[in-house]
Amino acid sequence: HRSVWMGVAIIWVVFFHIPEYSSQPLIAFVKKLGYGGVDLCLFASGVGCFYSLSRDPDMGRFIVRRFWRLAPVYLLFMAFWIPWKWFEGALTIPNVIGNLFGIQYLTALDLEFNWYVSAIIVFYFLAPYLKAFLDTASRRGKILMLLVLLALVIPFWKSGVYIIIVTRLPVFYLGMLFASGAGEDRAVRPWQMAVGFVLMMLGIYFLKLAFEHIPDTLWRYGVAWVPFVAIAPPMCLFLSMCMSALERIPGGKAVIGMLSWVGSYSFEIYLLHISMVELLPELIRTQELEQWSGLVWCAGICVMMVLCLLMRGGSEALVRLVRRK
């Protein structure tokens, strides 16, 4: 059910970014943690990268496969986003090149589209080396590597830029580590699920306390992100358990199919919703639609999903054209 993980993750991220607030405390807290949907995506991506490299360990071919999956959609989106920002006077030539290559965030300068594209590029280049390590390391060595990746967060305290990427690398590594165990046909045992549940709840409770008592230090020191190292993996596994149970309920397969479909378009949704979150508040403000803001956001999401279909079709046509020429 990895596609379901991705579907739930991108829905959670969109929910996080929409500036609509709920007076219900539980819903408000779930929304506040919505940035953690990225960690679910990266855990799933780590699993996928391990399987991909297991089928074909050649690094060059792995990068090419990743390129053909993401680049056509991303470049098609950039063909609209860059002119839009250019005519607003927000971009320079270096910014245009940086965003085209998806590395503008790594320059530590402003005017980048978003940090996630830069992060996933870095992780893809690290994936073959992490796979080679996992293939040969002992269990103690694998745990030590996780501790090293967590310790790497410390030099980036207060960086304000790179820490959002560095804190996510342990989750990506855990996805690859989990896939290495699954590749050995090891089932997740009940006691492991119980430990995972405890870790997940402790991580969530820690974040609740952190948001209440140390809100000023959450982002500067990575406190908001690191707990998802304990939250994201068991959350993905519990989603799989829920989906397995849902398969036996009438209508359950339809729900699973819907979430899987959303997950299959997660990259397109990610690209488009960033711009939607930028444009719609301005539309609501200028047109004085505050009382109808909920309906405006629902309509915006519907339009976004239609654009996702068009982007996917356009990117596939672009790939066919490039390969033919």
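**Figure 1. The second largest pocket of the predicted model****.** The second largest pocket has a volume of about 780 Å³. It is lined by 35 residues, of which Met6, Cys41, Ser45, Tyr116 and Ser266 are the closest to the pocket centre. Two or more lining residues are given by each of the helical elements α1 (2-17), α3, α4 (59-87), α6 (115-136), α12 (252-264) and α13 (266-286). Helix α3 provides the largest share of this lining, with eight residues. By residue class, the lining of the second largest pocket comprises 20 nonpolar, 10 polar and five charged residues.

Figure 2. When residues up to four places away in sequence are not counted, Ser45 touches Ile120, Tyr124 and Phe172.

**Figure 3. Cys49 and the closest cysteine sulfur****.** A search of the whole structure for disulfides finds zero. A disulfide is a covalent bond between the sulfur atoms of two cysteines. For Cys49, the closest cysteine sulfur is that of Cys41, at 13 Å. A bond is therefore excluded for this pair, as the separation is too far for one; the cut-off applied to the two sulfur atoms is 2.5 Å. Cys49 has a relative accessibility of 0% and so counts as buried.

**Figure 4. Cys298 and the sulfur of Cys302****.** Cys298 takes part in no disulfide. The nearest cysteine sulfur belongs to Cys302 and is 6.9 Å away. Cys298 counts as partly exposed, because its relative accessibility of 47% falls between the limits of 20% and 50%.

**Figure 5. Ala194 in helix α10 and its separation from Pro234****.** Ala194 lies in helix α10, formed by residues 190-213. With a relative accessible area of 41%, Ala194 is partly exposed. Along the chain, Ala194 and Pro234 are 40 residues apart; in the predicted model, their C-alpha atoms are separated by 9.3 Å.

Methods:
Residues are numbered from 1 along each chain as its sequence is written. This is a predicted model: local features need pLDDT of at least 70, side-chain atom pairs count only at pLDDT 80 or more; totals for chains, interfaces and linings use all residues. Side-chain values use heavy atoms; hydrogens and water are left out. Contact means heavy atoms within 4.5 Å. On a 1 Å grid over the protein atoms alone, a cavity is a set of points where a 1.4 Å probe fits but cannot get out, and a pocket is an open set with protein on both sides within 12 Å along at least five of seven lines; lining residues have an atom within 4 Å of a point. Grid points are joined across faces, edges and corners, and a volume is the space filled by probe spheres set on the points. Helices (H or I, at least four residues) and strands (E, at least two) are DSSP runs, numbered from the N terminus. Ala, Val, Leu, Ile, Met, Phe, Trp, Tyr, Cys and Pro count as nonpolar, Asp, Glu, Lys and Arg as charged, and the others, Gly among them, as polar. Buried means under 20% relative accessible area, exposed over 50%, partly exposed in between (1.4 Å probe, protein chains only).
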